[in-house]
Amino acid sequence: MKKFVNDPQQFVPEMLEGLALANPDTLKYVPEYNLIMRADGPDESKVSIIQGSGSGHEPAHVMIVGKGMLDAACPGDVFAAPPFDYVYETTKLMASPKGVLLLVNNYTGDKMVFEMAEEMSSADGIEVKTLFINDDVSVEDSTYTIGRRGVAGNFFVIKAVAAASERGADLNEIIRIGEKVNSVTRTMGVALTACTPPAKGSPLFELGEDEIEMGVGIHGEPGRRRAKMMPANEIVEEMLGPVVRDLPFKEGDRVALMINGLGGTPISELYLLYGQAHKRLAEQGISVGRSYVGEYCTSLDMAGASITLVRLDDEIESLLMDPAEIPIRVF
C-alpha cells in the first residue's frame, strides 16, 4: 500500500506540524504533548473544551480546534489513546477559571487515561469534568470498549457544548447539554474495505472483494455481521433501521442527518447514500431539519460510511447553528 509517509513513528507529529503551519494565526502546536490548541487560548471567560482519542480519524479532532468548536486536542498515535501526561498537561495548559470539560469517546484506553487526568487535575485545584460519548448502536461491547462505542455522533456533542461555552454557560450547564445531545444521538457504520495504518503498511483486517462489514467500528472493530456486497439502498436500509429503532426515532420527529465518510469514499457516493436515507426517513414521517454530508470522523483510508441521527429540539438546533471558525469546514 502506497502512503505519503517518512518515518511511520513520526507520522502523527509531522501531520500536526503541517496543520499548525497551515493555520499560524489560529492554531498553536505543542509537540511535547501532540497538542493542537487555539492560538488565543486559554480564554478565561469560558469553559475550555478538550478532546483527545487516537489519531487516524481526521478531521476529528485536531482539525476542528477553533472558535465555536474545540479549544484543544491532544491525540495519541494512530488508533491509540493519548498517554496520560498528554491529557494531564493539556488540561493544565488550558485551565480556565470557568473550568475544563474533557470529551471522551467511549473506549477503554481513552476512558482510563482521561479519568486519571481528571483526578490529577482536580487535585491541582482545576475544576474539570469528563463527558463520555457512546452513540454507536452497532454492538453493545466491542474490541476496545465496555459498552457502546463513541463514533461520528461526537461531532454533535462537540458542537453543542462548544457553542454553549462560547455563550458563557457554566461547566454544569455545559455537561447537561452534552449529556442531552449524546442521549438523542445514534450512529451505525459499514466498511467496504479495511484501512491501512502507516506503521503497519498492510490492511488492518481482511475483507473479501464481495464482502462488507456491517456495523464496523472506527478502528476496524468487528460489527454486527459480515455480509455480501449489496445495492446502496439495501445498505442504507440495514444501517438506518437499527439507528431509528434504538432511540427510538418516531413519526413527527425533526432530526439532523449525517452521512459520514470513513476516509476512502467519494463524496458523490456519500450524497447518494444521503438521498436514500432522507427518503426513507420521510416515509416514516421523520423530517430532516439539518443535513451533514462529508468526512467528520474517519478510519484512515477505509472505504465506507456511517449514518447518524440526532433528535432535534429548539435548544439543540440553536446550538448547532452557532458559527464556528475551524481549519476545515464541516459545520
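Q: Where does Glu-173 lie?
A: Glu-173 lies in helix H5, helices (H or I, at least four residues) and strands (E, at least two) being DSSP runs numbered from the N terminus. This is a predicted model, in which local features need pLDDT of at least 70 and side-chain atom pairs count only at pLDDT 80 or more, while totals for chains, interfaces and linings use all residues. Residues are numbered from 1 along each chain as its sequence is written, and side-chain values use heavy atoms, with hydrogens and water left out.

Q: Is Glu-173 buried, exposed or partly exposed?
A: Glu-173 counts as partly exposed, because its relative accessibility is 29%; buried means under 20% relative accessible area, exposed over 50%, and partly exposed in between (1.4 Å probe, protein chains only).

Q: And how far is its C-alpha from that of Val-161?
A: The C-alpha atoms of Glu-173 and Val-161 are separated by 9.0 Å, the two residues being twelve apart along the chain.

Q: OK, what angle do H4 and H5 pack at?
A: Helix H4 (residues 154–166) and helix H5 (residues 171–183) pack at about 155 degrees with their axes 9 Å apart, where axes are lines fitted to C-alpha atoms, for helices over the stretch in contact, and angles run from 0 to 180 degrees between N-to-C directions. H4 and H5 are therefore roughly antiparallel to each other (under 35 degrees counts as roughly parallel, over 145 as roughly antiparallel, 65 to 115 as roughly perpendicular and the rest as oblique).

Q: Which residues make that contact?
A: From H4 there are Phe-156, Val-157, Ala-160, Val-161, Ala-164 and Ser-165, and from H5 there are Ile-174, Ile-177, Gly-178, Val-181 and Asn-182, contact meaning heavy atoms within 4.5 Å.

Q: Switching to H8, which residues are buried there?
A: In helix H8 (residues 314–321), the buried residues are Ile-316, Glu-317, Leu-319 and Leu-320. Seen down the axis of H8, they fall within an arc of 160 degrees, so they line one face of the helix; the arc is that of the directions from the helix axis to the C-beta atoms.

Q: What's exposed on the other side of H8?
A: Asp-314 and Met-321 are exposed on the other side of H8.

Q: What do the buried ones pack against?
A: The buried residues of H8 pack against H4 and H5, and also against strand E10 (254–261), strand E11 (287–294) and strand E12 (304–311).

Q: Last one, how do H2 and H3 cross?
A: The axes of helix H2 (residues 84–93) and helix H3 (residues 108–123) come within 9 Å and cross at roughly 40 degrees, which makes H2 oblique to H3.
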